[in-house]
Each structure stands twice: as structure tokens, then as C-alpha cells.
Amino acid sequence: MSKKRLLIEYKRNIKSIIKCAKNTGLTDEQIDGIVRESFSEFKAKSHQNVFKSSILKISIVVLLSLSVFMYVLLNVHTPTSSVVLRNVQGLTYPALKFIRILAVPIIKLFPSVTDLHDESCLIENPYFYLSDLDCSPCENVYNVIDLTGVEGINAYKKTNQPEVSFKDLQQLYKNYTAELASDSSRLQTRNLDVNSIKDVLSLDEHALSPNVHIQWRVNKMAAARIIRKVFPRPHFFPERTGQAVERFLHVDGANAEPYSLPNPECSYVFIIQGSGERTIALKPPRECAKHCKAISVHMEPAYVLLYNWWYWRPVSLPGSVYPNLSISYMNSYC
């Protein structure tokens, strides 16, 4: 109901009340007094609300001012900072212990909160921008050359990676259910209604839609070790190369829509194509958009692609040759 109609309805009701009051024998002065008395209750409530609002605003201003003052005092004034740290340092462990005790009931109510312990980043900043990024590593790159047979760490080459099919993943989960089930909920899907990797691998491969997209993020050491049984470290990587625990497994139908690949924990990223095919479009970040050009790579089984996500933001596109599922593995190293 619009404000105009509400006002008309309000006037009609007031006239009806006044008419009823006159029929009972009340005078105009008495009716005016009753109306004023009824409005005085609203005025009192309004004054109370204004008072509460003023108190809240003053409290927020005082709290912010005090927080800024304490921050400046502890971080800028060195003598004060030294005194506070010297006296508070002994209370750090008891305070953390007390917080852990308080957290036990919360964890019992929400056990999934413990998964946050393995996260290196809880919320990614979508507005992050590095104004002084040196774009020279991608500035003169116009294509990716197949360097199969060339020794050393190369950007794109065929490896001795055995083919990994959907049945291989099903068998792997069957053999190591306990280890993989502990990290099975970090799943993103498109055109498929499932809640865990167990639900995915219980399906028949031929029942999956050609448009299906599945991303399984592994972030626990036990599950990561099992995944390495089918996707071992590329043979040309040095032994001292430290791989990140976080890794991704992508399962895509032949017509799966394009999607952006995530930025993993370390900046040096490699993608291994287990089976099927995908086209990876490497786009420069917005910091280097004026200096670098987008390039693309056709990923076939056993091929590995290396890149640095500081200079390339990959997008996975459908291929054009293989009609079967595409299974790819993504990891990073520091």
C-alpha cells in the first residue's frame, strides 16, 4: 500500500473515531485532549530512541578513538611498547590456553571449523593490485614451444606421466577411502549435484554430462600423498623442489564451459594432463595487460605446463579432439 493511500486510510479512521466519541457525548475539547495524550506516548518513545542512538554513536566514537590511540602508543612510542611487551609477554600462553578452552564447545557444535587450520588464506582479496610489478618475464612471450626431449625445467613438454582415467580415480578412492574421505568436501561442481568426492566417484563415467565440471581441492597432507600415487612429481623437477600441500584435481566433460583456474599457494604452478584434453589460455594480469599478450596451450595426455601466476592468469577451455573426460592435476612449488 502506498503512503498516499495509507494517509487517506488514516484520516478516515480518525474521522470515524471522532464521530464515535461525539456519539458517546464527549465534547471537542475532551476529544482533543485524548488525541494529544495518545500522541504523547509516541513522543516519549521517539525521545528514548534518539537518546539510545546518541549513546551508541558516542560509544563507537570513543571506542575507535581509544583503539587508534592505543595503536599509535604501542607501535610508534617505543618506550611504551617495550614496557607493555615486557609485562604482557608472560600472559600470552595462559591467554591462548584460555581461548582454546573457550573454543572447545564451539568446535563441538561446528566441527568443520577445524578445517580452517589447514588454510593459508581464509579470504582472498579480489582488489589486490601490485602497481610496481615488473612485466619483463611475459613481455616478449608470443607462444609456447613444445620442448619435449630437452633437458631441464621447461614450460611445456611431454613427460612419462601415465594416463589417469576416471576408473583409476575410483580405484584410488576405493583403496584409500579413509585418507581421501578426510579431505573430500572441498568440492566445486557445475552441472552436477553432489556434496563430496565420494559422491562423484560413485557415479558411472558415462552418466556424467558432457558439460560437467568438477574441481576437487586437496589441502591435507594425508590426501596429498595419496594423490601423488597417480600424479607423481614430474621427473625433471629437482629433488630439492618443495611442492605445496594444496593441489587441485579437475574433471571436465568434453563441452565443459570455460573457467578460471585458481591461484595456488606457491607462485610457480604446473598442470599435468592425465587424460582427455583441454586448452589453457594464459592471460596476463591487469598490471601487465599493456605490455604482455594472451597465449594459449593445447594440453594432451602426459603433457605438463609450467607458469608463474604473477604473470599469467590461466583459463581452462574445452579442447577439440578427444570426446572423453578431461582429467588434469594442478600443483605449485616454491
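Modeller: Gln243 touches Arg228, Arg233, Phe270, Tyr329, Asn331, Ser332 and Tyr333, leaving aside residues up to four places away in sequence; a contact means heavy atoms within 4.5 Å. The model is predicted, so local features need pLDDT of at least 70 and side-chain atom pairs count only at pLDDT 80 or more, while totals for chains, interfaces and linings use all residues. Residues are numbered from 1 along each chain as its sequence is written, and side-chain values use heavy atoms, with hydrogens and water left out.

Gln243 sits in the loop between α9 (221-227) and β4. Helices (H or I, at least four residues) and strands (E, at least two) are DSSP runs, numbered from the N terminus. Gln243 counts as buried because its relative accessibility is 18%; buried means under 20% relative accessible area, exposed over 50%, and partly exposed in between (1.4 Å probe, protein chains only).

Among the residues that Gln243 touches are Tyr329, Asn331, Ser332 and Tyr333. These belong to β11, residues 326-333, in which eight of eight residues are buried. In a regular strand the side chains alternate between the two faces of the sheet. In β11, one side carries Ser326, Ser328, Met330 and Ser332, the other Ile327, Tyr329, Asn331 and Tyr333, and both sides are covered.

Two strands are said to pair if DSSP finds at least two bridges between them.

Two bridges join β5 to the antiparallel β10 (residues 313-318), and Tyr259 has Ser316 in β10 as its bridge partner.

Two loop residues have positive phi without being glycine. Ala302, with phi of about 80°, lies in the loop between β8 and β9 (303-308) and counts as buried because its relative accessibility is 8%. Asn191, with phi near 65°, is in the loop between β2 (187-190) and α8 (197-201) and is partly exposed, with a relative accessible area of 47%.

The protein chain as a whole has nine helices and 11 strands. Its radius of gyration is 32 Å, well over the 20 Å that the globule rule gives for 334 residues, so the chain is more spread out than a compact globule; the radius is taken over C-alpha atoms, and the rule is 2.2 Å times the number of residues to the power 0.38. Along the principal axes, the C-alpha atoms fill a box of roughly 105 × 65 × 50 Å. Buried residues make up 32% of the 334. Of the contacts with a separation of 6 or more, 76% are between residues 24 or more positions apart.
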